[in-house]
Amino acid sequence: QLQLVESGGGLVQPGGSLRLSCAASGFTTDYYFISWFRQAPGTGREGVSCISSSGGRTKYADSVKGRFTISRDKAKNSVYLQMNSLKPETTAKYYCATARVFSLCFIQSSLDGWGQGTLVTVSS
């Protein structure tokens with residue numbers, strides 16, 4: 001019943017920007033926290049950012065602080081990830097999922113409703 005769809009990925013030059021979108025269907029995100037994860041080739045998934053239902057609380061991985069910004073639009077039932085100053089190591093497939101507890105939003109086993117992901121490739 002929980003369904004999320006990621007979009008906005010693509011091929012960009014180093015230093016460029018992208019905005020990823022996580023759109024929910026079949027449920028409202030009002031009572032869920034949303035997490036962004038990424039998985040680079042040959043690696044496991046790692047937490048990137050989380051946002052509370054109100055949008056008042058956010059969390060970022062140390063590797064993206066100051067460059068990424070998470071936000072949500074209640075009217076559109078969507079969450080966004082603005083990515084600036086992109087580096088080649090940013091290349092990964094990005095996923096979003098729901099969490100019931102904010103403090104567990106980077107714990108993969110605590111999340112549900114995983115989307116299919118959107119691929120971000122940073123290369124010259």
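**View 1. Aromatic pairs in the predicted model, with Phe-37 and Phe-106 in close-up.** In the pair formed by Phe-37 and Phe-106, the ring centres are 6.2 Å apart and the planes stand at 80°, so the arrangement is edge-to-face. Because Phe-37 belongs to strand β4 (residues 33-39) while Phe-106 sits in the loop between β9 (92-99) and β10 (111-112), the pair ties together parts of the chain that are 69 residues apart in sequence. Phe-37 is buried, with a relative accessible area of 1%, whereas Phe-106, at 21% relative accessibility, counts as partly exposed.

**View 2. The ring of Phe-37 beside that of Trp-114.** Phe-37 also pairs with Trp-114, and since the centres of these rings lie 5.3 Å apart with their planes at 80°, this pair too is edge-to-face. Here the link again joins distant parts of the chain, for Phe-37 is in strand β4 and Trp-114 is in the loop between β10 and β11 (118-122), 77 residues apart. Trp-114 is partly exposed, with a relative accessible area of 25%. Through ring pairs, Phe-37, Trp-114, Phe-106 and Tyr-95 are linked into a cluster.

**View 3. Arginine side chains over aromatic faces.** Arg-45 lies over the face of Trp-114, at 4.7 Å from the ring centre, and Trp-114 is itself a member of the cluster that contains Phe-37, Tyr-95 and Phe-106. A further arrangement of this kind involves Arg-19, which is placed over the face of Tyr-80 at 4.2 Å from the centre of that ring.

View 4. Arg-67 is found in the loop between β6 (58-60) and β7 (68-73). Although Arg-67 is buried, it has no salt bridge, and the nearest side chain of opposite charge, that of Glu-89, is 6.5 Å away, while a salt bridge would require a side-chain nitrogen within 4 Å of a carboxyl oxygen. A polar atom of the Arg-67 side chain does, however, lie 3.1 Å from the backbone oxygen of Ser-85. When neighbours within four places in sequence are left aside, the residues in contact with Arg-67 are Gln-82, Met-83, Asn-84, Ser-85, Leu-86, Lys-87 and Thr-90.

How values were computed. Residues numbered from 1 in each chain as written. Predicted model: local features only at pLDDT ≥ 70, side-chain atom pairs only at ≥ 80, totals over all residues. Heavy atoms only, no water. Phe/Tyr/Trp six-rings, centres within 6.5 Å; stacked < 30°, edge-to-face > 60°. Helix = DSSP H or I, 4+ residues; strand = E, 2+ residues; numbered from the N terminus. Buried < 20%, exposed > 50% of the residue type's maximum accessible area, 1.4 Å probe, protein only. Lys NZ or Arg CZ within 6 Å of the ring centre and 35° of its normal. Lys, Arg positive; Asp, Glu negative; His and termini not counted. Polar contact = N/O pair within 3.5 Å; in protein donor to acceptor, adjacent residues only side chain to side chain. Contact = heavy atoms within 4.5 Å.
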